[in-house]
Amino acid sequence: MKLLQDYYHLTKMQLLALRSAFIIISVVNIGFIAGFVYGFGFLFGDVPDATALYITVGSATNALIVGGLVMLPQFLAQAKEEGRLDYIRSLPVSREAYLLANITVIAGIVLPGIVLALITGGTRYGISFDI
């Protein structure tokens, strides 16, 4: 129960710390992913259905990779530079809750780009995502 309470408060704190950059990072990520979907379509010209599916799903995967491998370490380095990481370590909260809070915030930033990549790829290439 304490872990969930720590997670809730740390997520709220991370969102408040990034409130000025949250929207702009989301918009840039969405633009990057939409450009990725459309750009590969122009690069390859006539795209078969299998290639269109790979482009669309690859764009969504690329958004997830950029969030996990670029944004998360950058946010942790920024927190360390600003002294927030030392402040968090001085609090009686678990490090796991802090890491989960950061991952949640990154997921909130990246998720609109993933959804838009799938929607854009579906409308641009006329593919469906049937299971």
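Two rings of Phe, Tyr or Trp (its six-membered ring) count as an aromatic pair if their centres lie within 6.5 Å; planes under 30 degrees apart are called stacked, over 60 edge-to-face, and the rest tilted. A search of the whole structure finds 2 such pairs.

**Before you select anything**

This is a predicted model, in which local features need pLDDT of at least 70 and side-chain atom pairs count only at pLDDT 80 or more, while totals for chains, interfaces and linings use all residues. Residues are numbered from 1 along each chain as its sequence is written, and side-chain values use heavy atoms, with hydrogens and water left out.

**Stop 1: the rings of helix α2**

Select Phe32 and Phe36. Their rings form a tilted pair, 6.0 Å centre to centre with 40° between the planes. Both sit in helix α2 (residues 19-44), 4 residues apart, so about one helical turn separates them. Helices here are DSSP runs (H or I, at least four residues), and strands are E runs of at least two, numbered from the N terminus.

The rings of Phe36 and Phe40 are edge-to-face, with centres 4.8 Å apart and planes at 85°. These two residues are also 4 apart in helix α2, about one turn. Phe32, Phe36 and Phe40 together form one aromatic cluster.

Are these side chains buried or exposed? Phe32 is partly exposed at 41% relative accessibility, as is Phe36 at 23% and Phe40 at 27%. Buried means under 20% relative accessible area, exposed over 50%, and partly exposed in between (1.4 Å probe, protein chains only).

**Stop 2: a charge over a ring**

Select Phe42 and Arg124. Arg124 lies over the face of Phe42, 5.3 Å from the ring centre. The test asks for NZ of Lys or CZ of Arg within 6 Å of the ring centre and within 35 degrees of the ring normal.

**Stop 3: the largest pocket**

Select Leu76, Leu85, Ile88, Arg89, Leu91, Val93, Ser94, Arg95, Tyr98 and Leu99, which line the largest pocket. Helices α4 (84-90) and α5 (95-125) each give two or more residues to this lining. A pocket is an open set of points on a 1 Å grid over the protein atoms alone, where a 1.4 Å probe fits, with protein on both sides within 12 Å along at least five of seven lines; lining residues have an atom within 4 Å of a point.

**Stop 4: colour by confidence**

The chain has a mean pLDDT (the predictor's confidence in each residue, from 0 to 100) of 89, and 100% of its residues reach 70 or more.
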